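Here are a few notes to read alongside the model.

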Number of protein chains: 4
Amino acid sequence: MPRSSESTQQQTATPEPGRGRTEKRDLILDAAITVFARQGYHGARVSDIAREAGIAYGLVYHYFKNKEEILSTIFDERWGGFLEAVETIAAGSAPASDRLLSVAALVLNGFQLRPDWVKVLVLEIQRSSRFSEPAQLRAVGRLLDAVERVVRDGQAAGEFRSDIDAGVATYLFMGALDFVITSLVLGVKRIEGGEQDQRAYHLTVAQGLLEIFLNGIAKEGGD
Amino acid sequence: MPRSSESTQQQTATPEPGRGRTEKRDLILDAAITVFARQGYHGARVSDIAREAGIAYGLVYHYFKNKEEILSTIFDERWGGFLEAVETIAAGSAPASDRLLSVAALVLNGFQLRPDWVKVLVLEIQRSSRFSEPAQLRAVGRLLDAVERVVRDGQAAGEFRSDIDAGVATYLFMGALDFVITSLVLGVKRIEGGEQDQRAYHLTVAQGLLEIFLNGIAKEGGD
Amino acid sequence: MPRSSESTQQQTATPEPGRGRTEKRDLILDAAITVFARQGYHGARVSDIAREAGIAYGLVYHYFKNKEEILSTIFDERWGGFLEAVETIAAGSAPASDRLLSVAALVLNGFQLRPDWVKVLVLEIQRSSRFSEPAQLRAVGRLLDAVERVVRDGQAAGEFRSDIDAGVATYLFMGALDFVITSLVLGVKRIEGGEQDQRAYHLTVAQGLLEIFLNGIAKEGGD
Amino acid sequence: MPRSSESTQQQTATPEPGRGRTEKRDLILDAAITVFARQGYHGARVSDIAREAGIAYGLVYHYFKNKEEILSTIFDERWGGFLEAVETIAAGSAPASDRLLSVAALVLNGFQLRPDWVKVLVLEIQRSSRFSEPAQLRAVGRLLDAVERVVRDGQAAGEFRSDIDAGVATYLFMGALDFVITSLVLGVKRIEGGEQDQRAYHLTVAQGLLEIFLNGIAKEGGD
DNA sequence: CATGAATGAGGCTTCATTCAT
DNA sequence: AATGAATGAAGCCTCATTCAT
């Protein structure tokens, strides 16, 4: 399922003769991500996507059965890639806390590199009622499973406390990450400054999250 | 997905003479929540809401300017009540950690009592692009502010560590809570058993979240 | 092609307050018959029907699920009436040959009075592949059955020869009638002159058909 | 409905080098007949025809200007052959009644041998509004003319009564035949049994039709 | 000849909203 | 206050046809 295709082309309206079948398909997917991110799934017309891709809208229906299938394809292929990356990290041999930091950094950097992808995943897919379709629930479940495995690894290795439910801890960690991303996506928290500032900010946030997750906010010896 | 969409009111098509203006208005709002929870905002027709409320659909426009206003009214009135409750808790004098536990319990119990309300708030309002409208951003902001104030109180009182950014901590806490709610709403995690089991489960989750939030997952003395 | 498309009602854009729900529905059906007769089912746009009926095209969908349902409703209601008339004649006590003459006259007069109805029945319904749907096949079957019963009555009464298969005779009779109607509808045979001429012509044809049907074309004593 | 749409040719996607221009063209026509018979003209996509023929749909436009031309070509070439056969029979020197029997047998056997051809001719060409186009009206007219000539021959030879209008008699004869065919095509009348039974049935029907046509259904000496 | 990617006009249908009663 | 008939803008989708390769 995971077909993580790095489409590296920036679409122009002028036809580029060298493109093959797959590339045109990706062109449409990229355009759809851009438009979905800008207007939302329901607010996006198929013709908007086609215009963004620089093609006739009829062509969309050569590659996708309908508008819905575009969205679910984005989910399958893009989320799939992300999921693989997370699972690779999770399966690593680094200390559990380092792996969690890597996941957090992956998520936050993902947003920085491909904000539209993340925006669509977060707003239109993950939260939509479409999200409740089995295949997609399962995909989210796999993500949670991967992280939970890291937590259990940490507990087994004596790195994490064993008196805490791994599932709850996973919820806490991923929920926090998700909330940060959503806030960034929606612009609740606006970050001023250039790319360097953003990268620095993301790192700070990731480290802050992990610090609390690891050591808690209570004063040492408190509680 | 948990069957959380049962109508909480059984309307009949026969007019009930005793109802006044306000009651009919609420009837529509309740019906809208039920239908939005079931079908989503975009998937809900005005006629669906009217049928659920047992009235003619033209009548909806006596009470609300348009469909959009129904949603924002739900937001204002229902979210408003929730927000006030949270702010009341936040303004209390109990220890910061107790206040956070109360907030968590409030949220989780809210889901248990009125799953449709929470579902609509979470899926259709909070996450929608409407969320980025100033009034509603402000409302979410107020919620974050209230919780952040609790965190700062805890830091000021020496209850919480001061070397952690209060904003990040707030994100972590609310994000975790939000994620749990979303998972419950979408049925990622299914809870078997009767109402007692659910209540117990919610309490366990709330306490687990707080425990990590306070003391971290790392082994004492570890790191 | 015979001018068979005169609207049976002259719609105006001004609403006629006296019309009730049923009348508006019939207005649409009548308009549809006119338009289907003129342009064929596939060539008729829903907006054409609405314009012919003097209403907004959206209103069509208050009364009918879709375009297809308009056609099948025409079939059910109009063909149903015709079928009843034929069955009434068939169940009569007149000599079989008189009853057959009455059927022929009914059919031919029906064409004269409501050419559009007949045209749609003949061209768009009876012959279409839609015709092969069970309900409609059965309806045509009922027509054949009614006529076949008359033939059998005639045989039982000693009026008709018993050495001929009643089914084949029915085919012959109805087929001939049908072919005449189709030719008239399609204008293969054009009839000059006024209404009197048409009526006279139809009578001639009906009597000619019956004469052959009864006595054959072979010279007396021939064969 | 009788399953009469089995492809009579099994095309493969692999090119067959031996085929020349004409063969590929016929391949398309045969495929079109199969598809038109199955789905009707309007319900048949050009791509359906191409798939049935085992070629790319673009190639259809090398052989035919458009979809419409495919249908009219079928009409011209297939109906043309049938028309010639009928005219040959009609021009013969056999007794008129024998010639009519031959025509009836030709038609009924044609259906038996090439049900799809007849189905398309009957349903899509003859009855369509296309039928009212001059060239095609003329073709049907020629058929009627040929049969009418036989009837007149019979009258001139003293074989048929002269007091009956030859046109009406022709309508009766061809209409009956047509109706039988249509019923067979649409499956109103289902014939059980093997090929032998069908052939026998067709012969019976043809003879029955002719018997009535010649001698009438009225009891000898009756009327 | 052959392919099938590309085009875009055209039509059906939905549904929020208005309005006469 | 209540009804639901009426309106029509908007958008999805189909599919015949063209065209570059």
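Predicted model: local features only at pLDDT ≥ 70, side-chain atom pairs only at ≥ 80, totals over all residues.

1. Residues are numbered from 1 along each chain as its sequence is written, chains are lettered from A and ligands numbered from 1 in the order in which they are written, and side-chain values use heavy atoms, leaving out hydrogens and water.

2. Aromatic pairs come next. Rings of Phe, Tyr and Trp (its six-membered ring) pair if their centres lie within 6.5 Å; planes under 30 degrees apart count as stacked, over 60 as edge-to-face and the rest as tilted. That rule gives twelve aromatic pairs over all chains. In one of them, Phe36(A) and Tyr41(A), the ring centres are 5.3 Å apart and the planes meet at 55°, so the pair is tilted. Tyr41(A) is also buried, with a relative accessible area of 7%.

3. Which kind of pair do Phe160(B) and Phe213(B) make? Their centres are 6.4 Å apart and their planes stand at 85°, so this pair is edge-to-face. The pair links distant parts of the chain, 53 residues apart: Phe160(B) is in the loop between helix H7 (134-156) and helix H8 (166-186) of chain B, and Phe213(B) is in helix H9 (residues 195-215) of chain B. Helices (H or I, at least four residues) are DSSP runs, numbered from the N terminus. Both Phe160(B) and Phe213(B) are buried.

4. Two charges over rings are worth a look. The charged end of Arg78(A) is over the Trp117(A) ring, 4.5 Å from its centre, and Lys67(B) lies over the face of Tyr41(B), at 4.6 Å from the ring centre. The rule asks for NZ of Lys or CZ of Arg within 6 Å of the ring centre and within 35 degrees of the ring normal.

5. Finally, find Ile28(D) in helix H1 (residues 21-39) of chain D. Is Ile28(D) buried or exposed? Ile28(D) is buried, at 0% relative accessible area. Leaving aside residues up to four places away in sequence, Ile28(D) touches Ile49(D), Ala53(D), Ile55(D), Val60(D), Tyr63(D) and Phe64(D), where contact means heavy atoms within 4.5 Å.

Definitions and conventions: Buried < 20%, exposed > 50% of the residue type's maximum accessible area, 1.4 Å probe, protein only. Helix = DSSP H or I, 4+ residues; strand = E, 2+ residues; numbered from the N terminus.
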